[in-house]
Amino acid sequence: MNKLLTLWVSLMFSVILLAGCSSTPSGDRQAGAEVSEQSTGGDGGDGSGASTSAASEGGVWQGDPLENPNSLLATRVIYFDYDQSTVRADYLDAISAHADYLAANPQMVVRLEGHADERGSREYNLGLGEHRANSVRSLMMAQGVADNQLVVVSYGEERAAAYEHNDEAWALNRRVELVY
Amino acid sequence: MKKISIVLFLSLAWLHTALADLTIEITEGVEGALPIAVVPFSWQGPGQPPVDVSDVINADLQRSGRFKTIPQVDMLARPTAAEEIEFKDWRALDVENLVVGQVRPQGTGGYEIRFQLFDVYKGEQLTGYTIPTTAPNLRATAHRIADLIYEKLLGIPGAFATRVAYITSVRQGDGQERIDLNIADADGYNPETIVSSTEPLMSPAWSPDGRKLAYVSFEEGRSAIYVQEVYTGKRQKVTAYKGINGAPAWSPDGRKLAMALSKDGNPDIFVYDLATRKLKSVARHYAIDTEPAWSPDGRSLVFTSDRGGKPQIYRVPSYGGQAKRVTFQNSYNARASFSPDGKLLALVTLEDGSYRIAVQDLDSGIMQVLSQGSLDESPSFAPNGSMIIYASKAGYRGVLAAVSVDGRVRQRLALQEGDVREPVWSPFKK
């Protein structure tokens, strides 16, 4: 159930991300990503009873930081360029925020689920998904997150977030999902 | 090149599901295919025969693209035994070869099929057999007869009496995906689901005796390699190391599995001994090493690696050693496998922005692109080396396609619903 929600949320995220940046698939689109993060939090918050409207701008978040839609921790999907497993600069802050959170909460465990787009062979894509998840893992470990807090699983191209066969869908499928 | 567009709609009753029909379409055939007439076999029993044996033989030969079969309406006579044949009738139709036969019930639930193959110009019998069989095996026996005809006329064994394993995925009403590992006859009949999961299944691989399948299942939330006996359903979890457990490939003697494991941090190639359960590292690099495939003599493995920056095919002795790059054309080459004679590699290559199936001659290094899609993958040789089956896309759906090794014959197979992918052709039955 949780996974489905995550998937759906990431889909929503993507729709908005695309609306934010129409032409160039790569490049720095931090503004676009932030817009989507906020609305992602809003869509995803209902499961736990956290209300999006409570987190109005300038207010102080009182609940679980993981539930704060305005926090960088609301970024749960890291997207990658074609055949690349290097984390893009626009995601470093979000990953850093997650690393801080995990380092401060050593009892928390996150699953880093690596994915690839459908192009090319399936087993190679399984490797690519793992490399992506490992890139995120290395960044977090460098910030003091313990090995046993990070579980890497690659799904390769087996679990698409978007099913079309085009650049937009592929961009959404090249990702690492952070699942707490 | 002349196009033969014949569409055979094969109505199938899916055992497990209501997945509907599999369509086999011959999209392109060979000019100069051998003209052959398969005369409807006589039925010497009560009512209707359970399987139209001559129809199965006819469809097999036609589907291979190597034969031009004669429609029944053009037949001037319908002999079912040697003494009834007027060879001049068939010469008039430019038919070079003629198949006649009879099917009769024998004993309880048994049948006997008698067939003869003739050279029309010489007026001579080339081969002929009487084969006992049973109702459930009638189609299989018909495929064997087609194999015998194919071999007699073309000099290489037919691969009609073989099976194909493949993965299907269907999104259910509740949004959940159902992923199945299936096997079917090479003509798409008799599909059976042997594993069903809501988590990914991938990379099926036949054991050399055709009795087992190795595959990857995520049913426990992460990848593990299983080996399952096809006819009993008995299975065993082979590896479930931390990280990727992927790309199982049987050694030609059936005793070992080559595989990709990332237990040491990133995917490397290992060989696992099924009897001793010992693991041997064969290729190790901080890049992605995956998709091992054995040479037919078992002495070497090819695998995909991006150690040079982009995925390319490398070859390494199967006991380990120096890996040598074997593909140099195009920036992306992956998922290689050897032809049964060991002379060719089938692989996925990126050419002009499209992922296509190609064969590379190992001696000359020359690559020939065979498929025409943009997202083609998972090539698998027929055990006689004549065709390569692979996964392709038609619109939003995954479909299966096959192409002859010379690129001159093309077929497409599609389920009416859902995605079909990762076809693997079985070895010959033993």
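Analyst: Let's start with a term we'll need: the radius of gyration is taken over C-alpha atoms, and the globule rule is 2.2 Å times the number of residues to the power 0.38. Keep in mind that this is a predicted model. For the 430 residues of chain B, a compact globule would come out near 22 Å, and chain B has 23 Å, so the two agree. Along the principal axes, the C-alpha atoms of chain B fill a box of roughly 70 × 45 × 40 Å. Chain B is built from three helices and 32 strands. If you take the contacts in chain B with a separation of 6 or more, 44% of them are between residues 24 or more positions apart.

Where the two meet, domain 1 of chain B puts in five residues and domain 2 of chain B puts in six residues. On the domain 1 side, helix α1 (residues 53–63) of chain B gives the most, with three residues. By class, that side of domain 1 of chain B has one nonpolar, one polar and three charged residues.

After α1(B) comes B:Gly65, with a positive phi near 75 degrees.

Leaving aside neighbours within four places in sequence, B:Val99 is in contact with B:Ile36, B:Val38, B:Val39, B:Ile57, B:Phe115, B:Leu117 and B:Ile149. B:Val99 also belongs to the largest nonpolar core, which has 113 residues; B:Leu98, B:Val99 and B:Ile388 have the most contacts inside it. Helix α3 (residues 138–154) of chain B supplies the largest share of this core, seven residues. Both domains take part too, with at least three residues drawn from each of domain 1 (32–154) and domain 2 (163–425) of chain B. There is also a second, separate core of 24 residues, including A:Tyr79, A:Phe80, A:Met140 and A:Val152. As a bit of background, nonpolar side chains tend to be buried together in soluble globular proteins.

That leaves the partner. Here 27 residues of chain B are in contact with 21 residues of chain A. On the chain B side, the elements giving two or more residues are β12 (201–206), β16 (245–250), β20 (289–294) and β24 (333–338). That side of chain B has 14 nonpolar, eight polar and five charged residues.

Let's zoom in on one of these strands, β12(B). Six of its six residues are buried, so β12(B) is largely enclosed by the rest of the structure. It runs antiparallel to strand β13 (residues 212–217) of chain B, and four bridges join the two. In that pairing, B:Ala205 stands opposite B:Ala214. Together β12(B) and β13(B) make a hairpin with five residues between them, and in the turn B:Gly210 has a positive phi of about 70 degrees.

Notes. Residues are numbered from 1 along each chain as its sequence is written. Chains are lettered from A and ligands numbered from 1 in the order in which they are written. This is a predicted model: local features need pLDDT of at least 70, side-chain atom pairs count only at pLDDT 80 or more; totals for chains, interfaces and linings use all residues. Two residues are in contact if their C-beta atoms, placed from the backbone, lie within 7 Å. Ala, Val, Leu, Ile, Met, Phe, Trp, Tyr, Cys and Pro count as nonpolar, Asp, Glu, Lys and Arg as charged, and the others, Gly among them, as polar. A residue is buried if 20 or more other C-beta atoms lie within 10 Å of its own, exposed if 12 or fewer, and partly exposed in between; C-beta atoms are placed from the backbone. Two strands pair if DSSP finds at least two bridges between them. A nonpolar core is a set of buried Ala, Val, Leu, Ile, Met, Phe, Trp, Tyr and Cys residues joined through C-beta atoms within 7 Å. Domain bounds come from an automatic or database domain assignment.
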